[in-house]
Amino acid sequence: MSEQILEATELTRAAVEALSARFDEPAWVRTARLGAFDRFEQSPWPSTQDERWRRTDLSGLAADRIRPFVEGASDPLPAAVRLAGDRLSPAAGLLVQRNATTVSAHLDADLAARGVVFTDLHAAVRDHPDLVEPHLMQLIRADEGKFQALHAAFWSGGTFVYVPAGVEVALPLLTLSWIDAPDAGLFPHILLIAEPGSRVTLINASGLDSGGRALVVPAAEIIIHDGAAVRHATVQNWGREVWEIGVLRAQIERDATLHNLLVALGGGVVKADVESILAGPGASSEMLGLVFGDGGQHYDIHTLQEHAAPHTLSDLLYKNAVKNHASSSFVGMIRVHPGAQKTNAFQSNRNLILSEGSRAISDPKLEILANDLRCTHGSATSRLNEEHLFYLMSRGLTREQAVRMVVEGFFAELLDRVPLAPLADSLRGEIAVRMTA
C-alpha cells in the first residue's frame with residue numbers, strides 16, 4: 001500500500017485518481033472508478049419530482065463541502081466503540097474502521113486456515129483479486145443512479161467476507177466503524193460471498209458524532225449460493241448532522257437463506273433501499289427493520305422482495321416509531337415474476353407515532369405476474385392510546401414508565417425474532433435510552 005496521504009477535498013476526478021493511487025489499485029479497479037465518476041457527473045441530482053425521492057429533499061445536502069476520503073489514525077478506540085464491541089461479543093472476527101480507513105482487523109486462526117476471508121475491501125482487492133473482481137459492483141451498478149455512481153467512484157474501507165463451501169462460522173463476524181471528522185464522506189462497501197452449504201453471520205455497527213456535517217453512502221452486495229445461510233445485521237447510530245443514503249441488495253440462490261436486519265437510530269436524513277432477489281427455487285428471505293426517529297430526524301426506507309424463481313418464501317416486518325417532529329416513510333414492493341409459481345410472500349409495516357408533529361407514511365405494494373401463489377401485505381399507523389396509558393398509570397406507573405412499556409411492547413415482536421441474544425439485548429438498551437432522552 002502506498003504511504004501517500006490523500007488530501008482531496010472535493011468530489012472530483014482528481015480525487016478519484018488520488019484515492020486509487022493511495023491504495024496502489026490494479027488497473028481494473030481504477031478504470032471502474034473513473035467510469036463510475038463519469039456517470040456521476042452525467043447524472044442529475046435526484047429531486048422530489050422523482051417518484052423514489054418525493055419524500056426526501058436533498059436541498060440541505062452541501063455536497064461541495066464533502067471530503068471523499070479522510071484518513072483514520074489508529075488511536076485508542078473511543079469508549080462508545082469499545083462498549084459497542086463488548087455488547088456484541090463474543091465474535092469470530094473483528095474489523096474496526098475509523099473514518100475511511102481500517103485501524104485493526106482480526107479473524108479466528110482456525111477459520112482463516114479453513115479458507116474464510118474477513119478483511120477490508122482494499123486488502124481483499126490486493127490479496128484476493130480472483131474472488132473480488134467477478135463480483136464487485138455486479139449486483140449494484142454505477143448506472144443505477146447518482147448515488148450508486150458516487151459510491152462506485154469513491155468506495156473505501158468497507159468489508160469483504162468470503163466463506164468457502166460447507167464451512168460454518170459459528171460466532172458472528174463484527175465490524176465497528178465511526179466518524180470523527182467534520183465534512184467527511186464515507187463510502188463503505190460490503191461484499192459478502194457465501195459458497196454452497198456455508199453458514200455465516202455478519203454484524204455492522206456504526207455511529208458516533210463527527211461534530212459536523214458528514215455524508216455516508218454505503219452499499220452492500222450479498223451473494224448466497226445454493227444451500228448457504230447468511231445472517232446480516234446493520235445497526236447505525238450516526239450523529240444528527242449525518243446524511244446517509246445507501247443500498248443493500250442480496251441475491252439468494254437455490255435453497256439458500258437470508259436473514260437481514262436493518263436498525264436505523266441515528267442520522268439527520270436517512271434513505272435506504274433494502275432488496276432481496278430470490279433467484280433460485282427454494283430460496284427464502286426474512287427482512288426485519290427497526291426505525292426509531294426523534295428530534296426532526298427523517299427516514300425514507302424502500303424495500304423489495306423480488307421473487308424470480310418458483311417455490312420461494314419472503315417475510316418482511318418493519319416497525320417504525322417517531323417522536324418530537326421526526327418522520328418516517330416506508331415503501332415496500334413484493335414483485336413476483338412470471339413463472340415464479342408457489343411463491344409465499346408476506347409484508348407488514350407497523351408505525352407508532354409518539355408525539356404531535358411527528359408523522360409516519362406507509363405504502364405497501366404488490367406486482368404479481370404469476371397465478372399460483374400466496375401474498376399478503378399490510379400496514380398500520382397508530383398513536384399512543386390514552387386509555388391504555390391511563391390503565392397502566394392506574395396500576396402505579398408514571399406516564400413516562402407507561403409510555404416506555406408501550407414502546408417496548410411495540411418492538412417486542414420484532415426483537416423476539418432476532419436470534420442473536422447480545423444484539424437483541426443491545427437494541428432493547430438503545431430503545432430505553434431513546435425513551436428517556
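Visitor: How many cavities of 30 Å³ or more does a search of the whole structure find?

Guide: This is a predicted model, in which local features need pLDDT of at least 70, side-chain atom pairs count only at pLDDT 80 or more, and totals for chains, interfaces and linings use all residues. Residues are numbered from 1 along each chain as its sequence is written, and side-chain values use heavy atoms, with hydrogens and water left out. A cavity is a set of points, on a 1 Å grid over the protein atoms alone, where a 1.4 Å probe fits but cannot get out. At a threshold of 30 Å³ or more, the number of cavities found in the whole structure is 4.

Visitor: Which strand gives the largest share of the lining of the largest cavity?

Guide: The largest cavity has a volume of about 420 Å³, a volume being the space filled by probe spheres set on grid points joined across faces, edges and corners. Its lining, meaning residues with an atom within 4 Å of a point, has 29 residues, with Ile190, Asn204, Pro218, Thr234 and Glu244 nearest the centre. Among the strands (DSSP runs of E, at least two residues, numbered from the N terminus) that each supply at least two lining residues are strand 8 and strand 12 (242–252). The largest share, 5 residues, comes from strand 11.

Visitor: What is the volume of the second largest cavity, and which elements give two or more residues to its lining?

Guide: The volume of the second largest cavity is about 120 Å³. Of its 15 lining residues, Arg231, His232, His259, Leu261 and Pro419 are the closest to the centre. The elements giving two or more residues are strand 8, strand 11, strand 13 and strand 15 (284–293).

Visitor: Is Thr201 buried or exposed?

Guide: Thr201 is placed in strand 8 (residues 199–208). Leaving aside residues up to four places away in sequence, Thr201 touches (heavy atoms within 4.5 Å) Pro172, Leu173, Arg231 and Leu420. Its relative accessible area is 9%; under 20% counts as buried, over 50% as exposed and in between as partly exposed, with a 1.4 Å probe and protein chains only. Thr201 is therefore buried.

Visitor: How many residues does the largest nonpolar core have?

Guide: A nonpolar core is a set of buried Ala, Val, Leu, Ile, Met, Phe, Trp, Tyr and Cys residues joined through side-chain atoms within 4.5 Å. Among the residues with the most contacts inside the largest one are Leu121, Val132 and Phe160. The residue count of this core is 44.

Note on methods:
Helix = DSSP H or I, 4+ residues; strand = E, 2+ residues; numbered from the N terminus. 1 Å grid on protein atoms, 1.4 Å probe; cavity = no way out; pocket = protein on both sides within 12 Å on 5 of 7 lines; lining within 4 Å.
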